[in-house]
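Biologist: I'm new to reading protein models. Could you walk me through this one, feature by feature?

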Amino acid sequence: MNPITAIVIGAGDRGARAYSPYALDNPHELQLVGVADPNAERRQAFAEQFGLSDEQQFETWEAILEGGRRADVAIICTMDRMHYEPTLRALELGYHVLLEKPMSPEPRECVEMELAAKKHNRLLTICHVLRYTSFWSAMKREIDRGAIGDIVSIQLNENVGNMHMSHSFVRGNWRNSDESSPMILQKSCHDMDILAYLMNEPCVRVSSFGSLMHFHAGHKPEGAPARCIEGCPAEQTCQYHAPRYYLGEGIDWARKITDDYTKEGILKALREGPYGRCVYQTDNNVVDHQVVNLEFASGATAMFSMCGFTHDNTRIVQVMGTKGDIRGNMEDDSFTITDFVTKEKRSVQLAPSITGHGGGDSGIVRSFLKEVRGFSSGTESLSSASVSVRSHLMAFAAEQSRLQGGQVIDLQAMYDELAGAVPAGKAE
């Protein structure tokens, strides 16, 4: 069996550390033959790690996609607002595409990419990696075999963790929806997707509330400088003091802010880069808490809550059915099933994964490669664009509702309007 060949567009954290390492662990299944990234240092480090020549390195996605198809698949991990164009071009050239979530911050672009994959008869698999974890797949099997009867309601809490919130969504790449995506899409499209996955039926109506309550200038400590390292009077009382965090308990996160992991390198990044800024003095605008109410076709409901003020970083779920319920904590790799008739409680303890996102990062690559090998017309992946667009629309509807004071949004009407706006030539 010859390995599937792939190019990687975007050699940042997800491209280089989440999906590409599968090629090192399983060279008989996947071989990387090209990389594109505008950051020369990052591009060269990727090339060295994966054994790519100078001729296999490109500065832009346009350059790597010039001159015909170079590989079987394209793994696209650019920033959110740079997904649309390279995805359409790769599909047009005949690549099967593994695309980092979210598909796009623009609803119309999401629908257009879905239709383009169908038009060119290619796989477009979205990286909703939670579907590929042992935790969620085991829970799904219990639901499908009728362990709790019919689902009546689901409660899902995403505990973002206060330091993760400050790193990624206050100081980091996803702090501003004008540059990336709204919080409910960028961070929580995973959760919208998991709700759709467990329910296994269309979501029909959505409403939502939330705000940026804490991380703004109104909570800036008196006399706080623009950067923590410049000497903040609140250094001892502020949990977000950057030098103390990135040189201490958060030192593992330092690999995301600099390629120089020495203390001097980390301090340089805090002096010059975005991660050294006071969390109350950045250009962030995404919410730090949000709740979403969802109604599904059968009348079943779901409640989702995202909050950036928790000590842990995990998802906690309760699935309530007509014959029993399931309660689980993803961080613990376990859930408990209670039978209403027998009163029996059965605990399911899963083996912890050694790869990211509870094993989902490697799991989705493994599944995608299998689908590419066995591809035939009409093949769809577990997290195909067609599936993903529907859960993306749940997130778009939630944000629209939040901005409109909690107005109820009809999802089918939203999809019909978006599909109707796609130019005919791109949908045929």
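Predicted model: local features only at pLDDT ≥ 70, side-chain atom pairs only at ≥ 80, totals over all residues.

Modeller: Helices here are DSSP runs of H or I with at least four residues, strands are runs of E with at least two, and both are numbered from the N terminus. The UniProt annotation "domain: Gfo/Idh/MocA-like oxidoreductase N-terminal", from an unreviewed entry, covers residues 6–126. UniProt positions are given in the numbering used here, with feature names shortened, and annotations may be inferred rather than shown by experiment.

Biologist: How do I read helix packing?

Modeller: Two packed helices are described by the angle between their axes and the distance between the axes. The axes are lines fitted to C-alpha atoms, for helices over the stretch in contact, and angles run from 0 to 180 degrees between N-to-C directions. Take helix α14 (residues 385–403) and helix α15 (residues 411–421): they pack at about 105 degrees, with axes 10 Å apart.

Biologist: Which word describes how α14 and α15 lie to each other?

Modeller: They are roughly perpendicular. Under 35 degrees counts as roughly parallel, over 145 as roughly antiparallel, 65 to 115 as roughly perpendicular, and the rest as oblique. Among the residues that meet are Leu-393 and Phe-396 in α14, and Tyr-415 and Leu-418 in α15. The contact of α14 with α15 has nine nonpolar, two polar and one charged residue. Nonpolar covers Ala, Val, Leu, Ile, Met, Phe, Trp, Tyr, Cys and Pro; charged covers Asp, Glu, Lys and Arg; the others, Gly among them, are polar.

Biologist: What does α15 do with α6?

Modeller: The axes of helix α6 (residues 107–120) and α15 come within 9 Å and cross at roughly 70 degrees. That makes α6 roughly perpendicular to α15. Pro-107, Arg-108, Val-111 and Glu-114 in α6 meet Tyr-415, Leu-418, Ala-419 and Ala-421 in α15; contact means heavy atoms within 4.5 Å.

Biologist: And salt bridges?

Modeller: Side chains of opposite charge can pair when their charged atoms come close. The rule here is a side-chain nitrogen of Lys or Arg within 4 Å of a carboxyl oxygen of Asp or Glu. A search of the whole structure finds 24 of them. One joins Asp-144 and Lys-140 at 3.5 Å, N to O; both residues lie in helix α7 (residues 134–144), four residues apart, about one turn of the helix.

Biologist: Are Asp-144 and Lys-140 buried or exposed?

Modeller: Asp-144 is exposed at 52% relative accessible area, whereas Lys-140 is buried at 9%. Buried means under 20%, exposed over 50%, and partly exposed in between (1.4 Å probe, protein chains only). Another salt bridge pairs Glu-399 with Arg-402 at 2.9 Å, N to O. Asp-13, Arg-17, Arg-255 and Lys-256 are linked in a network of salt bridges.

Biologist: Where does Phe-169 lie?

Modeller: Phe-169 sits in helix α8 (residues 162–171) and is buried, with a relative accessible area of 2%. Its contacts include Trp-174, Met-183 and Val-286.

Notes: Residues numbered from 1 in each chain as written. Heavy atoms only, no water. Lists of a residue's contacts leave out its neighbours within four places in sequence.
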